[in-house]
Amino acid sequence: MSSMGCRIFHALGSETRIKILELLSSNEMHISEIARELDISVPVISKHVKVLEESELLERHVFGKSHVLKPNRKNIHLAVDSFAPTRHVEVEKGASLMEALRNVADIDVRKKGDREMIVSTDGEEGLFVYEIDGQFGDKNVNDCVLEDDTIVDWKKLEPITRIRLDIHVRE
């Protein structure tokens, strides 16, 4: 595991730091606000914030003398990605990504209109996307032709709430 990964998991090893991230998931806050909310002194919260910043799980924005904190969601997601297994597969030049996937996973394909869609991978249903060498694919897996050695990240779109809307409709 990378040194960044180790720092991230060290940072997440504290219940207080997890509570800080939970608080910040809804609103950006000042250190003093976090301290009040958690009923912990500002110096203690500051030490926890420093660990979270060193692990790059928090971002600090300075507005004059005000320091506002918010979670760095990208790095939180990268931490989870580090547990993805790597499967090695060999295909002929010109093979489709679909062929490569069939060599390493049990995939269920369903036709939707004129397109085939993978609806489950290894028995896990969901919507899936792929990245090739860190770039999102712009083709159907049947049309994605593999010409060179490459790294493909096959990703299930998880139903993770990015924004929760509490909508009130006026009469």
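Analyst: Ala, Val, Leu, Ile, Met, Phe, Trp, Tyr, Cys and Pro count as nonpolar, Asp, Glu, Lys and Arg as charged, and the others, Gly among them, as polar. The model is predicted, so local features need pLDDT of at least 70 and side-chain atom pairs pLDDT 80 or more, while totals for chains, interfaces and linings use all residues. Residues are numbered from 1 along each chain, and side-chain values use heavy atoms, without hydrogens and water.

User: How many nonpolar residues are in the lining of the second largest pocket?

Analyst: A pocket is an open set of points on a 1 Å grid where a 1.4 Å probe fits, with protein on both sides within 12 Å along at least five of seven lines; lining residues have an atom within 4 Å of a point. The second largest pocket holds about 330 Å³ of space, and among its 16 lining residues Arg115, Phe128, Val129, Asn140 and Val141 are the closest to its centre. Charged residues number 3 and polar ones 3, while the nonpolar count is 10.

User: Which strands each supply at least two residues of that lining?

Analyst: Strands are DSSP runs of E with at least two residues, and helices runs of H or I with at least four. At least two lining residues come from each of strand E6 (115-121), strand E8 (127-132) and strand E11 (152-157).

User: What is the handedness of the crossing of H2 and H3?

Analyst: Helix H2 (residues 15-26) packs on helix H3 (residues 31-38) at about 115°, their axes 11 Å apart. Angles of 65 to 115 degrees count as roughly perpendicular, and H2 and H3 are therefore roughly perpendicular. In this contact (heavy atoms within 4.5 Å), Thr16, Lys19, Ile20, Leu23 and Leu24 of H2 meet Ile34, Glu37 and Leu38 of H3. If the near helix is turned clockwise from the far one by less than a right angle, the crossing is right-handed, and that of H2 and H3 is right-handed.

User: How many charged residues are in the contact of H3 with H4?

Analyst: H3 and helix H4 (residues 42-54) pack at about 115° with axes 9 Å apart, which makes them roughly perpendicular. Ile31, Ser32, Ile34, Ala35 and Leu38 of H3 meet Val42, Ile45, Ser46 and Val49 of H4. The contact has 7 nonpolar and 2 polar residues, and its charged residues number none.

User: At roughly what angle do the axes of H2 and H4 cross?

Analyst: The contact of H2 with H4 has 5 nonpolar, 2 polar and 1 charged residues. Axes are lines fitted to C-alpha atoms over the stretch in contact, and angles run from 0 to 180 degrees between N-to-C directions. The axes of H2 and H4 come within 10 Å and cross at roughly 80°.

Technical notes:
Grid points are joined across faces, edges and corners, and a volume is the space filled by probe spheres set on the points. Angles under 35 degrees count as roughly parallel, over 145 as roughly antiparallel, 65 to 115 as roughly perpendicular and the rest as oblique.
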